[in-house]
Amino acid sequence: MALVALASAKGSPGVTTASLVFGALWPRQVLLAECDPAGSDVAIRMTGQGGAPLNSDRGLVSLAAASRKGLGDEVILAHSQQLDGGLDVLLGVRSPEQVGGMGGLWHPLGISFNQMQHGDVLADCGRIGASSPQLPVIQSARLVVLVCTATGSSVAHLRERLSTLVHHVDAQLGVVVVADPKQRDGVKQVWTVLDAMSLPVRHRWHLAYDPAGAAFFDGRGHGRLDKTQLIRSASAITAEMAALVAAPPPQDFDMANAAFPPPPGDYR
């Protein structure tokens, strides 16, 4: 299966909400992993099966202790929990201070996420920078998606972060702009900025800024979630993301093998 990493360049443009929404709509088995060193939001905002509180001691920190004997699907899933509604989640740290005790978990964790047989993994990586401890998780992803708003400051930080990120990741790059559905001109301006940079950001999406819809992912929703602008806009985005990572990764072109292919029957 495949790892999809979602992150922001600055502030809180809605990475956790977007991750929860995409996870809820994902067409295959998926695990939402909180890899934000700033601390877990899901444990505060969401509940477990039947409305029971989530166990904040079970997640990334407990996995770090267990990982000394190796990582794999069974080990990772043993430290995950299920939200009310059925989404599997690996809770993040309770506070930034816990990150220091996690040692060298990030690199093997990213590799394990991208190789899970259980299903895909959506990693909420929070805000990222050149020295972010969770950067190895992002580098292991098949698809890296930066979330921003259509404000000038958010776009400026997006531009700066993308300029650095392209030198550190080999993944497909995407951008999700969280903006009012009527703010199409603002979203187009973001695409204009990306075009001017000539960066390989092939995948671009507009996720509706919808407080009524987002409230469902903060324990405050009322009415029908499927009728909200958030879900209607997220459905198409989720389907496209899932299709992108479902396809096998492109193979490096072997010039020597192309020029001198092995003879028939030789499967070296």
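A: Let's go with strand β7: seven of its eight residues are buried, so β7 is largely enclosed by the rest of the structure. Buried here means under 20% relative accessible area, exposed means over 50%, and partly exposed is in between, with a 1.4 Å probe and protein chains only. Strands are DSSP runs of E with at least two residues, helices are runs of H or I with at least four, and both are numbered from the N terminus.

A word on provenance before going on. This is a predicted model, so local features need pLDDT of at least 70 and side-chain atom pairs count only at pLDDT 80 or more, while totals for chains, interfaces and linings use all residues. Residues are numbered from 1 along each chain as its sequence is written, and side-chain values use heavy atoms, with hydrogens and water left out.

Now the neighbours. On one side, β6 (residues 143-149) pairs with β7 in the parallel sense over seven bridges; two strands count as paired if DSSP finds at least two bridges between them. One of the contacts to look up is L143, whose bridge partner in β7 is Q172. The chain gets from β6 to β7 through α7, in a right-handed β-α-β crossover. Right-handed means that, with the strands pointing away from you, the path from the first strand over the helix to the second runs clockwise.

β7 (residues 172-179) also pairs with β8 (residues 203-208), again in the parallel sense, over six bridges. G174 stands opposite H203 in β8, and V177 stands opposite H206. The link from β7 to β8 runs through helix α8 (residues 184-197), and this β-α-β crossover is right-handed too.

The loop between α8 and β8 holds S198, and that one is worth a click. S198 has a positive phi of about 55 degrees although it is not a glycine. As background, most residues other than glycine have a negative phi. S198 is exposed, with a relative accessible area of 65%.

Zoom out, and β7 belongs to an open sheet of eight strands with mixed pairing, in the order β3-β4-β2-β5-β1-β6-β7-β8. β3 (81-82) and β8 stand at the edges with a single partner strand each, so one side of each has no neighbour in the sheet.

A cavity is a set of points, on a 1 Å grid over the protein atoms alone, where a 1.4 Å probe fits but cannot get out; lining residues have an atom within 4 Å of a point. The lining is I128, G129, A130, L135, R161, T164, L165 and H168. That splits into four nonpolar, three polar and one charged, where Ala, Val, Leu, Ile, Met, Phe, Trp, Tyr, Cys and Pro are nonpolar, Asp, Glu, Lys and Arg are charged, and the others, Gly among them, are polar.

As for the whole chain, there are eleven helices and eight strands. The radius of gyration is 19 Å, close to the 18 Å that the globule rule gives for 268 residues, so the chain is as compact as a globular protein of that length. The radius is taken over C-alpha atoms, and the rule is 2.2 Å times the number of residues to the power 0.38. Buried residues make up 48% of the 268.

Definitions and conventions. On a 1 Å grid over the protein atoms alone, a cavity is a set of points where a 1.4 Å probe fits but cannot get out, and a pocket is an open set with protein on both sides within 12 Å along at least five of seven lines; lining residues have an atom within 4 Å of a point.
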